[in-house]
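Student: Could you walk me through reading burial, contacts and salt bridges in a structure? I would like the general idea each time, and then the case itself.

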Amino acid sequence: MICEIVTDPILLSRISRPAQAQDFNIARDLRDTLMAHADHCVGMAANMIGRPVRVIAILLEGQPVVMINPQLLKTSGKKYTAEEGCLSLKGVRQAQRFEKIQLQYQDEQGRQKQRTFSGFPAQIIQHELDHCEGILI
């Protein structure tokens with residue numbers, strides 16, 4: 001289901017709780033909403049659709065990848081300043097990002113995954129992880 005985008009900074013500033021088995025349906029709604037905005041959005045966190053749960057989705061090579069309970073294991077490479085926009089907020093802001101990250105998460109079937117991301121995908125994931133922590137850029 002395509003959901004409305006939350007723009008209230010008070011709601012977006014709340015820390016998301018870990019996803020439970022009953023929350024996995026949120027992944028589908030998040031994926032659907034991301035794809036509906038794919039022409040101008042490359043990632044979303046569940047709190048952006050009104051569900052304060054640790055679920056994120058990103059576009060990776062044009063395909064949606066959903067990550068449930070993502071956990072940052074390691075950062076590496078140079079830290080740099082990125083210019084980022086957000087579907088929930090107006091304008092562009094600066095944020096500090098690492099070039100490379102290692103992440104652990106569950107996929108939509110509940111399987112544990114561990115993967116390393118670099119470049120723009122790593123930047124997107126760090127932005128969405130900030131959303132899970134209630135951090136607005």
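Tutor: Gladly, and let us begin with accessibility. Arg 51 counts as partly exposed because its relative accessibility is 22%, where buried means under 20% relative accessible area, exposed over 50%, and partly exposed in between (1.4 Å probe, protein chains only). Keep in mind that this is a predicted model: local features need pLDDT of at least 70, side-chain atom pairs count only at pLDDT 80 or more, and totals for chains, interfaces and linings use all residues. Residues are numbered from 1 along each chain as its sequence is written, and side-chain values use heavy atoms, with hydrogens and water left out.

Student: With which residue does Arg 51 form a salt bridge?

Tutor: A salt bridge here is a side-chain nitrogen of Lys or Arg within 4 Å of a carboxyl oxygen of Asp or Glu. For Arg 51 the partner is Asp 29, and their closest N and O atoms are 3.5 Å apart. Asp 29 lies in helix α2 and Arg 51 in the loop between β1 (43-45) and β2 (55-60), so this pair ties together parts 22 residues apart in sequence. Helices (H or I, at least four residues) and strands (E, at least two) are DSSP runs, numbered from the N terminus.

Student: Is Asp 29 buried or exposed?

Tutor: Asp 29 is buried, as its relative accessible area is 6%.

Student: What does the salt bridge between Glu 108 and Arg 31 tie together?

Tutor: Their side chains meet at 2.8 Å, N to O. Glu 108 sits in the loop between β4 (89-106) and β5 (112-118), while Arg 31 belongs to helix α2, so the pair links parts that are 77 residues apart in sequence. Glu 108 is partly exposed at 29% relative accessible area, and Arg 31 is partly exposed at 23%. Elsewhere, salt bridges that share partners join Arg 28, Asp 29 and Arg 51 into one network.

Student: How many salt bridges does the rule give?

Tutor: The count comes to 10. Another of them pairs Arg 17 with Asp 23, with the closest N and O atoms 2.7 Å apart. Arg 17 is partly exposed at 40% relative accessible area, whereas Asp 23 counts as buried at 7%.

Student: And contacts: which residues does Ser 16 touch?

Tutor: Contact means heavy atoms within 4.5 Å. Not counting residues up to four places away in sequence, Ser 16 touches Asn 47, Pro 52, Val 53, Arg 54, His 131 and Cys 132. Ser 16 lies in the loop between α1 (9-12) and α2 (25-36), and it counts as buried because its relative accessibility is 5%.
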